[in-house]
Amino acid sequence: IVKDLPLDSPLLSEEENQSSKIILDTCSSDKRFLVLDGQALAYVPVDFDTIDDYLAKQSKLRRKDLRKKLKKKAELEIKEEATGAYFNQPELLDQMYALYLNVYEQSKYHFDKLSFAFFKDILTSQNNGVVFLYFSQSKLIGYNICFVHNNNLIDKYVGFSYPEARDFNLYFISWFVNLEYAIKHNLKNYVAGWTDPEVKAYLGASFTLTKHAVFIRNSILRKILTPF
């Protein structure tokens, strides 16, 4: 499987998009591959100076709803920590992995289940990562693990405690905390990932499309599946 091939992505250079097109054209010309639509990648161009400027682009009703949801932010303690030494805390790592599993188990779509060792490695390494941690009454109720790459803030992994995350509108609050970070550091885009496209569209995201190329070795199975 050649997964998530970008299609003229505004997040990539002309050379990178051309490389993707060559791969896609090569797979398309090989009849043993099925080329399928992938998920749309959500992103926000950071072409605004404040959150108020960003909200001003939304409809009046949506702006009112988002401001209402953001009021819960005042009840939270929010920490911003770089990946590295701070996360050499066994108890904190256990808590964060448990919150990741919460999200994994309630998710509509399941991809690979990431291991504790993987989380420990990315959190304790110095790798341009930044983690936003959300606390309610000193209890960790959620986090976002992001990475700064090519002047973009890339949102990769989340963990939530339920029902607290929903009670505090943590999904929405974390979106705006990430945008604030991108503004502060003069980043070009906030890249929010593939999942929950309806919610991300509501929050004002743009989308760039992807393709998958799937190679089916069994010729009989390939003939059966191709029409679908």
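This is a predicted model: local features need pLDDT of at least 70, side-chain atom pairs count only at pLDDT 80 or more; totals for chains, interfaces and linings use all residues.
Is Lys113 buried, partly exposed or exposed, and what is the relative accessible area of Lys113? Lys113 is partly exposed, at a relative accessible area of 48%. On the scale I use, buried means under 20% relative accessible area, exposed means over 50%, and partly exposed is in between, with a 1.4 Å probe and protein chains only. I will come back to that lysine.

Residues are numbered from 1 along each chain as its sequence is written, and side-chain values use heavy atoms, with hydrogens and water left out.

First, the overall picture. The protein has 228 residues, and 42% of them count as buried. Its C-alpha atoms fill a box of roughly 60 × 40 × 30 Å along the principal axes. The secondary structure comes to nine helices and ten strands. These are DSSP runs numbered from the N terminus, with helices being H or I of at least four residues and strands being E of at least two.

Next, contacts, where contact means heavy atoms within 4.5 Å. Among contacts between residues at least 6 apart in sequence, 71% join residues at least 24 apart. The accessible surface is about 13300 Å², and 53% of that belongs to carbon and sulfur atoms. Those areas come from the Shrake-Rupley method with a 1.4 Å probe, and for residues only the protein chains shown count as cover.

Now to strand E8, residues 189–193. How many of its five residues are buried? Five of the five are, which makes E8 mostly covered. Two strands pair if DSSP finds at least two bridges between them. Strand E3, residues 41–45, pairs with E8 in the antiparallel sense over four bridges. Within E8, Val191 is the bridge partner of Tyr43. Strand E7, residues 152–160, pairs with E8 in the parallel sense over three bridges. There, Tyr190 of E8 is the bridge partner of Leu153.

Tyr43 turns up again in the surroundings of Thr208. Thr208 is in strand E9, residues 206–208, and counts as buried at 6% relative accessibility. Leaving out residues up to four places away in sequence, Thr208 touches Leu7, Ser9, Pro10, Leu11, Gln39, Ala40, Leu41 and Tyr43.

On to salt bridges. The structure holds eleven of them. A salt bridge here is a side-chain nitrogen of Lys or Arg within 4 Å of a carboxyl oxygen of Asp or Glu. Back to the opening residue: Lys113 meets Glu105 in a salt bridge, at 4.0 Å from N to O.

Another one joins Glu164 and Lys139, with the closest N and O atoms 2.6 Å apart. This pair links distant parts of the chain: Glu164 is in helix H6, residues 164–167, and Lys139 is in strand E6, residues 139–149, 25 residues apart. Glu164 counts as buried at 18% relative accessibility, while Lys139 is partly exposed at 42%. Asp30 and Arg32 form a further salt bridge, with their closest N and O atoms 2.8 Å apart. Arg32 counts as partly exposed, at 39% relative accessibility.

The backbone has a few points to look at. Most residues other than glycine have a negative phi, and most peptide bonds are trans. Where is the cis peptide bond? A cis peptide bond joins Tyr162 and Pro163, with omega about 10 degrees. Pro163 sits in the loop between E7 and H6.

Two asparagines have a positive phi. For Asn150 phi is about 50 degrees, and its place is the loop between E6 and E7. Asn150 is exposed, with a relative accessible area of 56%. For Asn169 phi is about 55 degrees, and this residue lies in the loop between H6 and helix H7, residues 170–184. Asn169 counts as buried, at 18% relative accessibility.

Last, Leu114. It is in the loop between helix H4, residues 90–106, and helix H5, residues 116–124. Leu114 is buried, with a relative accessible area of 13%. Not counting residues up to four places away in sequence, it touches Tyr97, Tyr100, Phe119 and Tyr157. Leu114 and Tyr97 are 17 residues apart in sequence, and their C-alpha atoms are 9.3 Å apart in space.
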